[in-house]
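Student: I would like to learn how to read a structure of this kind, one feature at a time. Could we look at it together?

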Amino acid sequence: MNIVFRKMQRIFNVAVWRYLPPCKEIVKTLSTSLDRKLTIRERVVTKLHLWACLPCVRYLEQSKYIEDAMHEYEESRAAEVQSKGLSEEARERLKDLLKTSAGLFALFSVF
Amino acid sequence: MMQSDAVSLAVAKTSMQTGEIALDPVTKPKMQIDPTAWVDDHGDFLFRYAVVRLRDDSIAEDVVQETLLAAIQSITSYSGKATERTWLTSILKHKIIDHFRKSVREVPIDESDTDISGLDKFFERDDEWTGHWNNDLQPYDWNMSPEAALQENEFFKVLQNCMSRLPARVAGVFALREMDGLDSSEICEALCLTASNFWVMMHRARMSLRRCMESNWFKKI
């Protein structure tokens, strides 16, 4: 039974590799899938390919992993700057500037 | 007519003194907005938001300043539906994109940015299966335990290092998408890219980063 199953899987894999687009194209589609929704056709082709191709499965997993890592990195950096703030000097400068331009703007908006 | 002008003028005069702007004094008498209070209420928040993305304190200060000034000019379009902070943040976001656009424009446009023929080597084979992964370059099992790796500082250093090896524009686009979470359409519009250029650059960044992390980080474990 097991042997039959493996045999069938082998036939399936070879068929996918031979008759569907090669990894090179699939990998491009996989990249796109992280940015936009795939069309139905693209989805079916990729799914079939992924059933037959371990490296492409890994490529997708690892790309997602790097994406997560980037988010994580971003968050850790956001946490780092939590202690930072505007300097006193900048604060005063901004307030002065805002006061003047708010007044000017109100004055001009009349005319 | 004369009278209403006189009223507005009076309002403007008080604004000059207090720095406050009354939003449409006739219909919304209670909506008083005080721009100087923004500095204390939201200044630090906006500054931190900017500094994470711009990586430079003084540039971040400048951008916050631009944001607040722009906010004053568009104050009449502020409907009061969103909170003040959300509204200011959305202006800030645009200012940051503007800044990025300027700095990216200064990087000379390079045809090679959108050239992915360098990726062909991953799919070169001597047998009949050319177009499929090369045996030596195909992704191998990283054996990753996701949480463990991400907590290590070293991991991020390697990641940063890999990012810096990408061409500046490619890395910039990738960071805008993955770190700042902008939509692809926003990025294309801001940087004047076509959708296919954007996509090619993202693909290139992903392939190179994955490969770079594989050989520089996961091999060691």
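What follows is a conversation that goes from the separate chains to the places where they meet.

Student: Before anything else, what kind of model is this?

Tutor: This is a predicted model, and local features are described here where pLDDT is at least 70.

Student: How many helices and strands does chain B have, and in what order do the elements run?

Tutor: Chain B has 9 helices and 2 strands, and from the N terminus the order is α-β-β-α-α-α-α-α-α-α-α.

Student: What share of the residues in each chain is buried?

Tutor: In chain B, buried residues make up 29% of the 221 residues, while in chain A they make up 19% of the 111 residues. Among contacts in chain B with a separation of 6 or more, 59% join residues 24 or more positions apart, and the corresponding share in chain A is 66%.

Student: How should I read the place where the two chains meet?

Tutor: The size of an interface is often given as the accessible area lost when the parts come together. Here we can count residues instead: 43 residues of chain A are in contact with 48 residues of chain B. On the side of chain A that touches chain B, the elements giving two or more residues are α2, α4 (54-80) and α5 (88-110) of chain A.

Student: At what angle do α2(A) and α9(B) pack?

Tutor: Helix α2 (residues 23-33) of chain A packs against α9(B) at an angle of about 105 degrees, and their axes are 10 Å apart. Because angles of 65 to 115 degrees count as roughly perpendicular, α2(A) is roughly perpendicular to α9(B). In this contact A:Lys28, A:Ser31 and A:Thr32 meet B:Trp199, B:Met202, B:His203 and B:Arg206, a set that divides into 2 nonpolar, 3 polar and 2 charged residues.

Student: Let us take B:Met202 as an example; is B:Met202 buried or exposed?

Tutor: B:Met202, which lies in helix α9 (residues 195-218) of chain B, has 21 other C-beta atoms within 10 Å and is therefore buried, since the cut-off is 20 or more. Leaving aside neighbours within four places in sequence, B:Met202 is in contact with residues of both chains, namely A:Ser31, A:Asp35, B:Val173, B:Phe174 and B:Arg177.

Student: And how do I read a nonpolar core?

Tutor: In soluble globular proteins, nonpolar side chains tend to be buried together. In the largest nonpolar core, which has 45 residues, B:Ala50 and B:Val173 touch the most other members. Elements of both chains give two or more residues to this core, including α4 and α5 of chain A and α7 (168-178) and α9 of chain B. The core also draws at least three residues from each of domain 1 (2-106) and domain 2 (111-218) of chain B.

Student: Which residues are in contact with B:Val173, leaving aside its neighbours within four places in sequence?

Tutor: B:Val173 is in contact with B:Ile187, B:Leu191, B:Phe198, B:Met201 and B:Met202.

Technical notes
Residues are numbered from 1 along each chain as its sequence is written. Chains are lettered from A and ligands numbered from 1 in the order in which they are written. This is a predicted model: local features need pLDDT of at least 70, side-chain atom pairs count only at pLDDT 80 or more; totals for chains, interfaces and linings use all residues. Helices (H or I, at least four residues) and strands (E, at least two) are DSSP runs, numbered from the N terminus. A residue is buried if 20 or more other C-beta atoms lie within 10 Å of its own, exposed if 12 or fewer, and partly exposed in between; C-beta atoms are placed from the backbone. Two residues are in contact if their C-beta atoms, placed from the backbone, lie within 7 Å. Axes are lines fitted to C-alpha atoms, for helices over the stretch in contact, and angles run from 0 to 180 degrees between N-to-C directions. Angles under 35 degrees count as roughly parallel, over 145 as roughly antiparallel, 65 to 115 as roughly perpendicular and the rest as oblique. Ala, Val, Leu, Ile, Met, Phe, Trp, Tyr, Cys and Pro count as nonpolar, Asp, Glu, Lys and Arg as charged, and the others, Gly among them, as polar. A nonpolar core is a set of buried Ala, Val, Leu, Ile, Met, Phe, Trp, Tyr and Cys residues joined through C-beta atoms within 7 Å. Domain bounds come from an automatic or database domain assignment.
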